[in-house]
Amino acid sequence: QVQLVESGGGLVQAGGSLRLSCVASGRTFSLHSMGWFRQAAGKEREFVAMSWRGGLTSYADSVKGRFTISRDNAKNTVYLQMNSLKAEDTAVYYCRSPRGTGWGPGDYWGQGTQVTVSS
């Protein structure tokens with residue numbers, strides 16, 4: 001059974017930093033891509049960043065240059081370093097891993113961690 005558990009959320013002032021972590025279990029971590037998504041109150045869930053299993057990364061335009069995704073395969077963990085945080089980054093952040101080769105309805109999700117940025 002695959003499980004994803006996020007941590008690291010909290011309250012931070014605008015301009016500050018946070019690092020989120022997502023620990024995966026139940027599958028060979030290094031063989032799978034890992035992504036971060038977020039959902040603000042009243043809005044749809046949106047893509048934030050992706051760490052492809054081959055090592056490439058991709059980011060939403062809104063976070064490029066401020067957020068960095070990284071992974072430690074030995075610890076089965078993917079991180080999201082968030083710098084220069086803005087009020088509009090406030091959201092619940094979710095870790096996601098594809099069940100197959102691409103995003104799909106059967107993907108694995110964590111329970112989410114709340115990030116609140118005060119202005």
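Rings of Phe, Tyr and Trp (for Trp, the six-membered ring) are taken as a pair if their centres lie within 6.5 Å, with planes under 30 degrees apart counted as stacked, over 60 as edge-to-face and the rest as tilted. By this criterion, F37, F47, Y94, W103 and W109 form one aromatic cluster. The model is a predicted one, in which local features require pLDDT of at least 70 and side-chain atom pairs count only at pLDDT 80 or more, whereas totals for chains, interfaces and linings use all residues. Residues are numbered from 1 along each chain as its sequence is written, and side-chain values rest on heavy atoms, with hydrogens and water left out.

The secondary structure comprises eleven strands and zero helices, where helices (H or I, at least four residues) and strands (E, at least two) are DSSP runs numbered from the N terminus. The order of elements from the N terminus is accordingly β-β-β-β-β-β-β-β-β-β-β. The C-alpha atoms occupy a box of roughly 40 × 25 × 25 Å along the principal axes. For 119 residues, a compact globule would have a radius of gyration near 14 Å, and the value of 13 Å for the protein agrees with this; the radius is taken over C-alpha atoms, and the globule rule is 2.2 Å times the number of residues to the power 0.38. Contacts are defined by heavy atoms within 4.5 Å. Among contacts between residues at least 6 apart in sequence, 54% join residues at least 24 apart.

The protein exposes about 6,300 Å², of which carbon and sulfur atoms supply 49%; accessible areas come from the Shrake-Rupley method with a 1.4 Å probe, and for residues only the protein chains shown count as cover. Buried residues make up 40% of the 119 residues, buried meaning under 20% relative accessible area, exposed over 50% and partly exposed in between (1.4 Å probe, protein chains only).

In soluble globular proteins, nonpolar side chains tend to be buried together. A nonpolar core is here a set of buried Ala, Val, Leu, Ile, Met, Phe, Trp, Tyr and Cys residues joined through side-chain atoms within 4.5 Å. The largest such core has 26 residues, and W36, L80, M82 and Y93 have the most contacts inside it. Two or more residues are contributed by each of β3, β4 (34–39), β5 (46–51), β7 (67–72), β8 (77–82), β9 and β11 (113–118). Strand β3 gives the most, with four residues. Apart from neighbours within four places in sequence, L80 is in contact with residues including L18, L20, W36, V48, F67, I69 and Y93.

One disulfide is present, a disulfide being a pair of cysteine sulfur atoms within 2.5 Å. It joins C22 and C95, whose sulfur atoms are 2.2 Å apart. The link of C22 and C95 is left-handed, with -80 degrees about the S-S bond. Since C22 lies in strand β3 (residues 18–25) and C95 in strand β9 (residues 91–97), the pair ties together parts that are 73 residues apart in sequence. Both cysteines, C22 and C95, are buried.

The structure holds four aromatic pairs. In one of these, the rings of F37 and W103 have centres 5.2 Å apart and planes at 85 degrees, so the pair is edge-to-face. F37 belongs to strand β4 and W103 to the loop between β9 and β10 (108–109), so this pair ties together parts 66 residues apart in sequence. F37 is buried, with a relative accessible area of 8%, whereas W103 is partly exposed at 36%. The rings of Y94 and W109, with centres 6.2 Å apart and planes at 85 degrees, are likewise edge-to-face. This pair links Y94 in strand β9 with W109 in strand β10, 15 residues apart. Y94 counts as buried at 14% relative accessibility, while W109 is partly exposed, with a relative accessible area of 30%.

N76 has a positive phi of about 55 degrees and is placed in the loop between β7 and β8; its relative accessible area of 26% makes N76 partly exposed. Phi of S84 is also positive, near 50 degrees. S84 is found in the loop between β8 and β9 and is partly exposed at 41% relative accessibility.

In strand β11, T116 is partly exposed at 29% relative accessibility. Leaving aside neighbours within four places in sequence, T116 is in contact with G10, L11, V12 and T90.
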